[in-house]
Amino acid sequence: MDAARVDRDAGLPPEDLPPEDLDGFITWQMERGGLPGAAVAIVRPDGDAFVGAYGYADLEAEVPVDRHTLFILASVSKTVAAVRVMQLVESGALDLDAPLDGVLPYALRHPEHPDAPITARMLLAHVSGLEDVFSTLAEVTTAGGDPEVSLAEFAEGYASEGGAWYGEGNWGAEPGTRHAYCNAGYGVIGHLVEVAGGASFRAQTEDGVFGPLEMDGAGWFLADVDEARVAVPYGYNGRSYNPLPQNGFAYYPASSLRASITGLARYARMLLRGGELDGSRVLSEESVAELLRLQYPELDRGQALTFSERGVGASRYIGHSGSTFGGSTQFLLSREGTHAIVLITNSDAYIRSRFGQTEGRDAMEAILRRLDAEAR
């Protein structure tokens, strides 16, 4: 269905209707939604059906977004952490269902439920019992630079009694009994990858994912990427754009990946193709299927391993969204396996929506619906 026709049916006056053409529609929505820059793609298993770049990576310097602009992906980053976990499972270095006490150098147990083991599957599906305390997570956030706290320090300090960032609110329900989305758990996942894989998380994902897929300069830290290509993150107050710092998070596997639409399109194609791209096999077909399989339907009907289901119009997708200060993203694989939709921006659209300013979120949703219509 044409998204412009949907708007007409809603009774909007002609002057408030978006253009019919795709580029005009996206640009119109960006202007209405306070999105300074964006890149989008419709990806099919055999190649890219559409890639577009819009607006500015840097408003002050008038640097336009192009296909190689690096955006911070926020929580879409978690999907790469999950891919690396599955690579370690395939190699026999990690068991999704083994208690992590036998792998990590510290006890990972819920203080009120010490007999309940916690597994990698639980962490990836957000049912481990760990919860986010955002005031505490702010303490391990570096404004304007890469994180100063290692994954090992963060994971033990947040999850273990007596740790530097430990508090009663860090743990909630008994492991395996309730779904609670948790960024901090992916700091633990990152450290688990380091212990099981015998190298830094950054090195393992470079060697196991970014390099084999030729992901166009993707990286976790500013130190890992070409900073000249990184989009400036922006806030928007309804009248003007405000540049924000490039933050670094100690739990960075949850949040800090910087990638381009070109790199993400290749990553999406790999998943659509069952783990292989251009002769390079990143995952087995069985591992991709497990990533996308719903894990604890009795606790959450849409949660797979990191990935989760959502609708776009009448269509069903599985993927991940991302929300941070100056970054709002969507990475979606059609449940039929026919295509993927990717939308990345340097906007605080989803952060704003938490405070009742929904124009940015609404614009992103409109763009997704139009891309879905185009893909079908």
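**Chatting through the fold**

Author: Here's a place to start: among contacts between residues at least 6 apart in sequence, 66% join residues at least 24 apart. Keep in mind that this is a predicted model.

Reader: OK, how many helices and strands are in the chain?
Author: The chain has twelve helices and 15 strands. Its radius of gyration is 20 Å, close to the 21 Å from the globule rule for 376 residues, so the chain is as compact as a globular protein of that length.

Reader: And what box do the C-alpha atoms fill?
Author: Roughly 65 × 40 × 40 Å, taken along the principal axes.

Reader: What share of the residues is buried?
Author: Buried residues account for 57% of the 376. As for the surface, the chain exposes about 14500 Å², and carbon and sulfur atoms supply 48% of that.

Reader: What's the average pLDDT?
Author: It averages 95, and 96% of the residues score at least 70. Over residues 1–12, though, the pLDDT is below 50. That stretch has 17 contacts in the model beyond near neighbours in sequence.

Reader: Noted. Switching to aromatics: how many pairs does the count come to?
Author: Eleven aromatic pairs. Take Tyr236 and Tyr241: the ring centres are 4.7 Å apart and the planes sit at 35°, so that pair is tilted.

Reader: Why tilted, for that angle?
Author: Because stacked needs planes under 30 degrees apart and edge-to-face needs over 60, with the rest called tilted. The angle for Tyr236 and Tyr241 is 35°.

Reader: Are those two tyrosines buried or exposed?
Author: Tyr236 counts as buried, at 14% relative accessibility. Tyr241 has 28%, so Tyr241 counts as partly exposed.

Reader: Which residues form an aromatic cluster?
Author: One cluster is made up of Phe201, Phe210, Trp220, Phe221 and Tyr252.

Reader: What about charges: which ring does Lys78 sit over?
Author: The charged end of Lys78 is over the ring of Tyr186, 5.7 Å from the ring centre. There's also Arg370, which lies over the face of Phe25 at 5.1 Å from the ring centre.

Reader: Let's do helix packing. Which residues of H6 are buried?
Author: In helix H6 (residues 151–159), they are Leu151, Phe154, Ala155, Gly157, Tyr158 and Ala159. These pack against helix H5 (134–139), helix H7 (184–197) and helix H8 (201–213).

Reader: And what do the buried residues of H10 pack against?
Author: Helix H3 (77–91), helix H4 (120–124), H9, strand S13 (315–324) and S14. The buried residues on the H10 side are Ser287, Val288, Glu290, Leu291 and Leu292.

Reader: Where does Leu294 lie?
Author: Leu294 is in the loop between helix H10 (285–292) and strand S12 (308–312). With a relative accessible area of 24%, Leu294 is partly exposed.

Reader: What does Leu294 touch?
Author: Leaving out residues up to four places away in sequence, Leu294 touches Arg301, Gly302, Gln303, Ala304, Glu309 and Arg335. Leu294 and Thr306 are twelve residues apart in sequence, and their C-alpha atoms are 9.9 Å apart in space.

Reader: Last topic, backbone. What is phi for Asp216?
Author: Positive, about 60°, although Asp216 is not a glycine. Most residues other than glycine have a negative phi. Asp216 lies in the loop between H8 and strand S6 (234–236), and at 19% relative accessibility Asp216 counts as buried.

Methods. Residues numbered from 1 in each chain as written. Predicted model: local features only at pLDDT ≥ 70, side-chain atom pairs only at ≥ 80, totals over all residues. Heavy atoms only, no water. Phe/Tyr/Trp six-rings, centres within 6.5 Å; stacked < 30°, edge-to-face > 60°. Buried < 20%, exposed > 50% of the residue type's maximum accessible area, 1.4 Å probe, protein only. Lys NZ or Arg CZ within 6 Å of the ring centre and 35° of its normal. Helix = DSSP H or I, 4+ residues; strand = E, 2+ residues; numbered from the N terminus. Contact = heavy atoms within 4.5 Å. Rg over C-alpha atoms; globule rule 2.2 N^0.38 Å. Areas by Shrake-Rupley, 256 points an atom, 1.4 Å probe, with all protein chains shown as cover. pLDDT = per-residue confidence, 0-100.
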